[in-house]
Amino acid sequence: MPASGAGGRRRGLSPAAGFAGVRRTRGRSLGGRGLAAAAASWRRRPWTRCGGSYENSRPPPGSSVCLLLCPTWTSPPLHCTSTETGSAPIGPASSVTPCSTGQPCRSGPSLISDAVRGNRFVMPAERRLPLSCVLDVLEGQAQHPGVLYVQKQCSNLPTELPQLLSDVEPHVPWASEALGKMPDAVNFWLGEAAAVTSLHKDHYENLYCVVSGEKRFLLHPPSDRPFIPYELYTPATYQLTQEGSFKMVDEEAMEKVPWIPLDPLAPDLARYPSYSQARALCCTVQAGEILYLPALWFHHVQQSHGCIAVNYWYDMEYDLKYSYFQLLDSLTKASGLD
């Protein structure tokens, strides 16, 4: 999700380190040895407890959330990352599976919110709605323009949905111990299957907990930076008109935004041939599972319809690994690989 004002608490776009491995274990982190060892030492309640709470009862009807909205398109496929609740243009959706070429393949319909469209980096429209209205749309009992995604990243769980705090741990104890700090933000996520997050990275150690449904992550380690293109784009924002249509408005006061123009599910290798040397890792995080996503790992995210998730962002350490990756980023730019 974006920096330069487009992605809530995300900061910066220059890649950094975080070379931990990723593995999948029910009820534990998917990550490096330090966090895995810390997780094993804790006797904590299973995450499926909060899953039951969310699945079996609707959140309080008086709750309201800030939504991100983008137009719905039939073609071409669009990619966006959202920060609150919103909707974005729809193109063919994708299920991430390895192809014989080693590249992910795409099948079926999908949507992408906050991302590149033409020569613009387009952010979703924002709107505040009662959470009950969002649930009605997700359950097919009401309609709303575009694709909805509750994806505000400024610790929206305690600020917008405090009624749910009793169902969720305030932090992940073994992760807080391993990282030596408390989380900087706790975020709530809820959206349609069409809401897809474009390829990006964050300056946070991310503990991503799926409560209901599933999330599908396509991951690249920081060492793939030379093969992942960045370009500069004029920032713009979708605005929802009174007629229910969307218009794109340039953000004239903002500087150009560096963003990844490539769709990892259908990469244009004629335009970005270096990406053929990158090797994506794919994993599905199901209800009751946690993904440990190291800071500055690139990730592209899909989800099942109505998926509910909570993630904990721990601020990264700007240490020697960060310096190493800043060097890699600078060498990539200097060599003209971008």
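Helices (H or I, at least four residues) and strands (E, at least two) are DSSP runs, numbered from the N terminus.

**Entry 1: ground rules.** I am looking at a predicted model, where local features need pLDDT of at least 70, side-chain atom pairs count only at pLDDT 80 or more, and totals for chains, interfaces and linings use all residues. Residues are numbered from 1 along each chain as its sequence is written, and side-chain values use heavy atoms, leaving out hydrogens and water.

**Entry 2: two loops.** I found S155 in the loop between strand 9 (149–150) and helix 4 (156–160). S155 is not a glycine, yet its phi is positive, at about 55°. Is S155 buried or exposed? With 13% relative accessibility, S155 counts as buried (buried means under 20% relative accessible area, exposed over 50%, partly exposed in between, with a 1.4 Å probe and protein chains only).

I then looked up L296, in the loop between strand 18 (290–293) and strand 19 (298–303). L296 also is not a glycine and has a positive phi, of about 70°. L296 is buried, at a relative accessible area of 0%.

**Entry 3: rings.** Rings of Phe, Tyr and Trp (its six-membered ring) pair if their centres lie within 6.5 Å; planes under 30 degrees apart count as stacked, over 60 as edge-to-face and the rest as tilted. By this rule I get seven aromatic pairs. In one of them, Y149 and W189 have ring centres 6.3 Å apart and planes at 55°, so the pair is tilted. This pair joins distant parts of the chain, with Y149 in strand 9 and W189 in strand 10 (residues 185–191), 40 residues apart.
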